[in-house]
Amino acid sequence: MKKSVLDFTKDELSQIVKPSFRAKQLYHWIYQKYANSFEEMKNIPKDIKEQLSDNYILNPLEIVKIEESSDGSKKYLFRLTDGFTIESVLLPMKKEKVDEDGKIIHLSKYSICVSSQVGCKIGCAFCLTAKEGFKRDLTPGEIIAQVLEIKKDNDIAQNRRVNIVYMGMGEPLDNINNLAKAIEIFKDPEGLAIGARRQTISTSGLSAQIEKLGKMNLGVLLAISLHAVDDELREKLMPINRAYNIESVINAVRSFPIDARKRVMFEYLVMKGLNDDIKSAKKLVKLLSGIRAKVNLIYFNPYPNSPFQRPSQKDMFEFKEYLNNHSVLCTIRQSKGLDISAACGQLYSSQP
Ligand code: SAH
Ligand code: SF4
């Protein structure tokens, strides 16, 4: 199967197309002009275009389906070249605001939730992606293409920055090399120019990989899917906790390099009667002491036959208040795309 040119950094491309300024031109066509074929790249000589199309494809994804939610989020189902499918979500975070004279006060803001694998090996009890098992890692180009295609499809201009959250299907740190390469390609100022601080890696807590990512010093933000404050419950919900318990995750976080102005996000999926009590909130405060943390409470999002329930609004609010009153920054995540199951962690796709 042919590789995609999106799999390559600019440096790598300059080994493929000579002289090296051609790599810059190619990047320009792909990431700034949103070209759909090698053919249309006018200033690239014919022989190079032929060399490229003989050996590589431009876009490794095909849009199969788009579902739009009443709150404006959009779920994309993409087909990969080998027939597997993955999902990604466009989340409008802030609507464009104009004053009475029609002058734009601020532009709309977007986050794009991307997948890192087809399926997932971790097997969390509450997660829909886990149900289909693991198929394969995504290549860097397949990660890049999710953002590129969604920007294109929504006419989001090249110079409009978007945030990326690696919270789609898969465990990003279980595909750390391709992930790191995708982060680099996203960052390229001559490409999509999405800085590391606009990229958040969400992990189920692979402590050794968190340490490895920290040593790479990429400057990305980290989100930990914690969900439970004692090992007994966490093991039941997330089998990975047997290999890496809560203490090891917290220790890995403590050694992770964070910009002094930023925080590590802890995601806490709240399930009725399981982890929604004040005793858990108390333990959470203790666990996070000394860490520049921000807790994001997530309502469990039920799916057909799901074994857990959504917590009550009251319990959710009290949990949040407890944390806030004990100096832990805490917000409740607005569940975007509920009506189309587009909340992160709600992504599921069928087999080829
Ligand atoms: N594998 C990574 C990233 C993908 S999951 C991780 O686990 O962090 C992204 C987030 O969605 C995680 O915090 C996950 O716990 C959450 N999630 C999974 N199933 C969910 C559900 N049914 N309702 C709400 N959030 C869910
Ligand atoms: Fe994998 Fe994350 Fe789902 Fe757990 S929650 S099975 S780690 S995608």
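1. Ser 202 places a polar side-chain atom 2.7 Å from an oxygen atom of ligand 1, in a predicted model. A side-chain N or O atom of Ser 225 is 2.6 Å from an oxygen atom of ligand 1, and a backbone N or O atom of Gly 170 lies 2.9 Å from a nitrogen atom of the ligand. A polar contact here is a pair of N or O atoms within 3.5 Å.

2. The protein covers 96% of the 540 Å² of accessible area that ligand 1 has on its own (Shrake-Rupley method, 1.4 Å probe).

3. Strand 12 (199-203), strand 14 (264-270) and strand 15 (293-299) each give two or more residues to the shell around ligand 1. Strands are DSSP runs of E with at least two residues, and helices are runs of H or I with at least four, numbered from the N terminus.

4. The shell holds 22 residues, of which Gly 170, Ser 202, Ser 225, His 227 and Asn 301 come nearest; a residue is near if one of its heavy atoms lies within 4 Å. By class, the shell has ten nonpolar, ten polar and two charged residues. Ala, Val, Leu, Ile, Met, Phe, Trp, Tyr, Cys and Pro count as nonpolar, Asp, Glu, Lys and Arg as charged, and the others, Gly among them, as polar.

5. Helix 4 (residues 140-153) gives three residues, the largest share, to the lining of the largest cavity. Among the lining residues are Leu 148, Glu 149 and Lys 152.

6. Local features need pLDDT of at least 70, and side-chain atom pairs pLDDT 80 or more, while totals for chains, interfaces and linings use all residues. Residues are numbered from 1 along each chain, chains are lettered from A and ligands numbered from 1 as written, and side-chain values use heavy atoms, without hydrogens and water.

Key: A polar contact is a pair of N or O atoms within 3.5 Å; within protein, one must be able to donate a hydrogen and the other to accept it, and residues adjacent in sequence count only if both atoms are side-chain atoms. On a 1 Å grid over the protein atoms alone, a cavity is a set of points where a 1.4 Å probe fits but cannot get out, and a pocket is an open set with protein on both sides within 12 Å along at least five of seven lines; lining residues have an atom within 4 Å of a point.
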